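Dear colleague,

Please read the notes with the model open beside them.

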Amino acid sequence: MKFTTTRLATAIGLSLTLGLVSVTANAAPIVIKFSHVVADSTPKGQGALKFKELAEAALPGEVEVQVFPNSQLFGDGKEMEALLLGDVQIIAPSLAKFDRYTKKIQIFDLPFLFDDMAALDRFQASPAGQSLLDSMQSKGIQGLAYWHNGLKQMSTNKDKLTRPEDVKGLKFRIQASDVLEAQFRQLDANPQKLAFAEVYQALQTGVVDGAENPWSNIYSQKFHEVQKTIANTNHGALDYMVITNAGWWDGLPENVRAALKTAMAGATEHANKLANEINERDKKLIADAGKAKIQPLSKEDVAAWRTAMQPVWEKFQDGIGVDLIEAAKASNQPS
Ligand code: LMR
């Protein structure tokens, strides 16, 4: 009798377990919507596609990554809100777009802070840089990685664009960043915050005269077709933080979160390796298209832009933190 009861209990236990296994096996995959505002051909576009490939290969049938490029799902005015509401699970806004969530990330917009992309990479990999990935947890945002795009170039609908005085009085589209607003005010220009999806039309119709973006964004959005001159200023960086909804991320099964972390590391390596190559390719394609003139700058020209923009640092250093700025400056020295 005892034997039978035990066997019965075992059988029930077994069938429950099998039932659970079959429920798990048939369970719908976790859908991860990854929304961004640029083209597939850009560093961010390539990174998002790589993440999909790696995540789905690591977790077959368990996750489905849906990538929405080109502001298809959410424009950059709305994507952060959508992330917090759970309407999208991963986004990768430019580091210029975190003003409302933390002042520390404003550091990335300080003009001429990083000598080149290698310095920016060193800072992002440093303890100070990595700590910023966790700096918005109290707002429900978890940073997962930094992705590179490249250095920004200044462009206008004028023939002359060599020195800061050439942009006096001009209207510039800027990302939603108070630092960038101050940067253009410092140049006696008129900045206007506009979503990325609205830039082409704003340039085309003359709502604004100019903009600033890396070559990959200029080319993929055809901004060079509606600008006369692009000066090779390299005056700041445009990079991204890949972020997720902290509550959603923490609620994932442990094995899924671990595999997604690995997939994200692989996608980051891929995107960051490609970024420079894509920007160089697109610079050449812009030159070949012959629509906008690419204006090379002398050392003296670049120094003039640097001097003109330098006062911006002082305005933001208290909010960012002097220590963080020092750590970023130190990254200009290869160790
Ligand atoms: C911009 O708004 O100019 C960029 O942040 C777009 C992007 O995501 O690269």
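Contact here means that heavy atoms lie within 4.5 Å. On that basis, residues 24 or more positions apart account for 75% of the contacts in the chain with a separation of 6 or more. Please keep in mind throughout that this is a predicted model.

To begin with the chain as a whole, its secondary structure comes to 13 helices and eleven strands, and its C-alpha atoms fill a box of roughly 95 × 40 × 35 Å along the principal axes. Of the 335 residues, 50% are buried, while the chain exposes about 15,300 Å², of which carbon and sulfur atoms supply 54%. There are 36 positive and 39 negative side chains, and the centres of these two sets lie 2 Å apart.

Turning to the interior, in soluble globular proteins nonpolar side chains tend to be buried together. In this model the largest nonpolar core has 42 residues, and those with the most contacts inside it are Phe34, Phe51, Ile90, Trp147, Val242, Leu260 and Met264. Among the elements that give two or more residues to this core are β1 (30–35), α2 (43–58), β4 (141–151) and β10 (237–245), but it is α10 that gives the most, with eight residues. Apart from this core lies another, of 36 residues, which includes Leu83, Ile105, Tyr146 and Val179. As for Phe34, leaving aside residues up to four places away in sequence, the residues that it touches include Phe51, Ile90, Trp147 and Val242.

The aromatic rings deserve a paragraph of their own, as the structure holds nine aromatic pairs. In one of them, the ring centres of Phe114 and Phe123 are 5.8 Å apart and the planes stand at 35 degrees, so the pair is tilted. Both residues are buried, Phe114 with a relative accessible area of 9% and Phe123 with one of 1%. For Phe196 and Phe223, the centres are 5.9 Å apart and the planes at 75 degrees, so this pair is edge-to-face. The latter pair links distant parts of the chain, 27 residues apart, with Phe196 in the loop between β7 (190–193) and α7 (199–204) and Phe223 in the loop between α8 (215–220) and β9 (229–231). Phe196 and Phe223 are likewise buried. Finally, ring pairs join Phe108, Phe114, Phe123 and Tyr146 into a cluster.

With best wishes

Terms used
Residues are numbered from 1 along each chain as its sequence is written. This is a predicted model: local features need pLDDT of at least 70, side-chain atom pairs count only at pLDDT 80 or more; totals for chains, interfaces and linings use all residues. Side-chain values use heavy atoms; hydrogens and water are left out. Rings of Phe, Tyr and Trp (its six-membered ring) pair if their centres lie within 6.5 Å; planes under 30 degrees apart count as stacked, over 60 as edge-to-face and the rest as tilted. Buried means under 20% relative accessible area, exposed over 50%, partly exposed in between (1.4 Å probe, protein chains only). Helices (H or I, at least four residues) and strands (E, at least two) are DSSP runs, numbered from the N terminus. A nonpolar core is a set of buried Ala, Val, Leu, Ile, Met, Phe, Trp, Tyr and Cys residues joined through side-chain atoms within 4.5 Å. Accessible areas come from the Shrake-Rupley method with a 1.4 Å probe; for residues, only the protein chains shown count as cover. Lys and Arg count as positive and Asp and Glu as negative; His and the chain ends are not counted. The place of a charge is taken as NZ of Lys, CZ of Arg, CG of Asp or CD of Glu.
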